[in-house]
Every structure is written in structure tokens, then in C-alpha cells.
Amino acid sequence: MLFIILSISSIFFSQGDKHELNKTSFSFAIGIDYAKGGYEVSLQLINPGAISGAIILNNSPYIVYKATGKTIDSALEKISMNTSRSLDLQQEQVVLLGEELLRKGKIKDIIEYILHSTDIPSNSIIVTTKGNSARELLEIFSPIEGISSLEISNTLNKLGKKISKTANDIKVDLVDDGKDIVVPYIELKGDAKKGGEKKNLETTEPTHFAFVGLALFKEEKLKSFMNYKDSLYLNLLYGKSSGFIIESSCPESEEKFAYRVTNSLAKKKAYQKEEDKYIFHYDLYLKGDISQYNCHLNLENPETSNQIEKQVKKSINNKIHKVLEHTKEHEMDPLGLGQIISQQDPKTWNKIKVDYPALLKNAEVKVNSHITIQNVGNYKSRGD
């Protein structure tokens, strides 16, 4: 634990700046929850004594302060009045937003606050919760990182720009017509009370965080959650997914094989309208490897490769159809289908945007997938 804390501190403090350690409380994560008439703000403050090595190791590496206020600034002011040090929020890596807050439609207010703030970096990761408050998650002792804010940011950063969202990203979706907001969400796996105890660092079955998928919005209000796998297919149409598995059935049986996507590119084509039905076309280019193969067909045969590629295409179409049905049911448009209309046909968009996205009830997404199998591993000779 001491090694982790010292490693973190080395990022921010040079030899000449050590005196600042005695005057400042540093935070890596801020949590914002709904409170009646305002906000509950939680700050995960790094224990300065732990960073300097001035205290024994069994002390907590961080402290969570909370306060409520009609504005975020008033809540932060209350926290500042209850600490002996000045608050430094410029190291924030995570802005954790409570589920109830976003269901109340506060996302725009929060984003505007962050973008106008001189303290909180605009490139901090925005993430929401499901089932727990932001405060509860910040109080968890991370079994891997020790500090929950680092576990949250590392969990999302390992997925790259494909998943992570910043205030700048969300602002673009708020401004543009014809696209609803999506924000990654995490869930707490295990018991929150046990996770808030230091024993959580010692158990072999700790309470921990998991990226579960995307939170979907309609008119700035959180409406539903999409699971991890469906979220990846949504990102596939953004042209931002790689490193995940597409599981398909073998051509000749119900056995399964796995196609690991290593590179993807999505191109939006011109939309069509047939009576009251809107049809959107995508060209999807995927490169990947066969990572597991249980079929009894020889992959050295070019015809077998063609059959395998067809099965991957079928799986993609089925999954994307499922994703689209979910979004249509809630009259949401995380894909930005309305954006396609507004960009390609502004006159039509001006006529229909009043009734949008209800018009997407009859929408259809057609995906023309181009599958490339780069590597078949040791399975190329499999066959009866």
C-alpha cells in the first residue's frame, strides 16, 4: 500500500514542492448525488500523512468528505470549511454521478459546471452508477489499486477512447441535433458495507467495481441501462470497438466458435425512406482472429472460411437488431440516426424533428459487414 501511495505522489510532487503537502488536500475523484433541493458532493481526499510516509501503514490512504448544498460550489465550500487544508481538485480523474441525479435530468447542469470550472479538469472521466450512490462507491477500498478512484479510472481507461466519456464529449452530443447521450456506468459487485472496510483489501473475494455497459439518455434524462455486450455492439457502429469477442454458431452444428475483433471501421451511408419507414445503411469493416474453434470443418478450405464469415455477419446483424429494438422501445437514439438525416437532408430534418425520435419506431438499420480473418491459430486443421 505504501508503494502505491508513494508512486501516486511522485506524479504530483517534486522535491521543491514538498512544503505544499502540508497545506493542500488532493482529490482524485468527486462524487455528485441528488439531494433534496440541491446536491450531495463527496470528495475522495488522499490522506497527506499517508503520502508523506509520516503515519503508520494501517491508516486509511484516503478520506471521503461529504456535504450538501443548493449548488455544487456551496457543498464544496462546506467541505473546505471542515478540513484543515486547501482543496486541490485539479488532479481529478473521475467525476462519478449518482443514478438518481441523472434520472432527475441534471446531466446538462453538471457538464456545464465542469466545463466552466477552473478547478475540475474537463478531461476527467464521466461515469455513472447503478444501484448505489456515488458516495458509496468512493468509500470502497479497491482490492487492486487500494483507492477506488484509481480502480474506476483504470477500468475505463483500459478500454480506451472506445468507452470513456469526458465533459467535452457529452457537450457535443448535447449541442448536436438527432443524437442522445450515452455514459458508461459501473456497478458494485459485492457488499457495500464490507467494501468500505479495510478487510476488503485482504479477502480473496473482495467487493469490487465492474464496467457493466452504457447508460442511455432521452432528453437529458437517464432512461435505461444497456449491458456490456450490447454496449460493445453499439460502439461497433460508432467504429470504436476492438478487442472483444463475437461468438457465433458453427455452420453445420450448434457448437460455437469465437471471433476476436482486433480492428473495426464503420461508415454511414445515405439513408432511405420507404413510405413511413426510415432505413439506415452502414458498411462495417472488421479484422480479427479465430480465438476458439469447435466446428468440425477444416479452416484450410476457403469455402469453410466463407461460411465462418457468414456466421459472424449473422451474429452481428442479430445483435444490432436487438440493440435497435431496445432503443426504439424507449424512443432513444444513441446511434445518432436523426443526426444522419439532419446532415444528409436538412430540409426533411426541419420538418420531422418536432416528432423525433418517435419516428424511429419504424426505423431499420442494415449492416453490410466485411469480415477479414487474419489468423486462425492452431485451429486451421480442425476437422473430421
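## Basis of the model

Helices (H or I, at least four residues) and strands (E, at least two) are DSSP runs, numbered from the N terminus. The structure is a predicted model, in which local features need pLDDT of at least 70 and side-chain atom pairs count only at pLDDT 80 or more, while totals for chains, interfaces and linings use all residues. Residues are numbered from 1 along each chain as its sequence is written, and side-chain values use heavy atoms, with hydrogens and water left out.

## Confidence

The predictor's confidence in each residue is given as pLDDT, from 0 to 100. Its mean over the chain is 82, and 80% of the residues reach 70 or more.

Over residues 53-57 pLDDT stays under 50, and the model has seven contacts for them beyond four places in sequence; a contact means heavy atoms within 4.5 Å. Where pLDDT is low, the predicted coordinates should not be read in detail.

## Nonpolar cores

A nonpolar core is a set of buried Ala, Val, Leu, Ile, Met, Phe, Trp, Tyr and Cys residues joined through side-chain atoms within 4.5 Å. Buried means under 20% relative accessible area, exposed over 50%, and partly exposed in between (1.4 Å probe, protein chains only).

The largest nonpolar core has 46 residues, and those with the most contacts inside it include Ile 246, Phe 280, Tyr 282 and Leu 286. Strand 15 gives the most to this core, with seven residues. Other elements that give two or more residues include strand 10, helix 11 (302-329) and strand 16. Apart from this core lies another, of 33 residues, among them Ile 181, Val 183, Phe 217 and Leu 222. Not counting residues up to four places away in sequence, Tyr 282 touches, among others, Leu 237, Leu 337, Ile 340 and Val 365.

## Backbone features in loops

Most residues other than glycine have a negative phi, and most peptide bonds are trans. Glu 220, in the loop between strand 10 and strand 11 (221-227), has a positive phi of about 70 degrees. This residue counts as partly exposed because its relative accessibility is 29%.

Glu 275 also has a positive phi, of about 60 degrees, and is found in the loop between strand 14 (272-274) and strand 15 (277-293). With 74% relative accessibility, Glu 275 counts as exposed. The peptide bond from Tyr 356 to Pro 357 is cis, with omega near 5 degrees. Pro 357 lies in the loop between helix 13 (346-352) and strand 16 (364-375).
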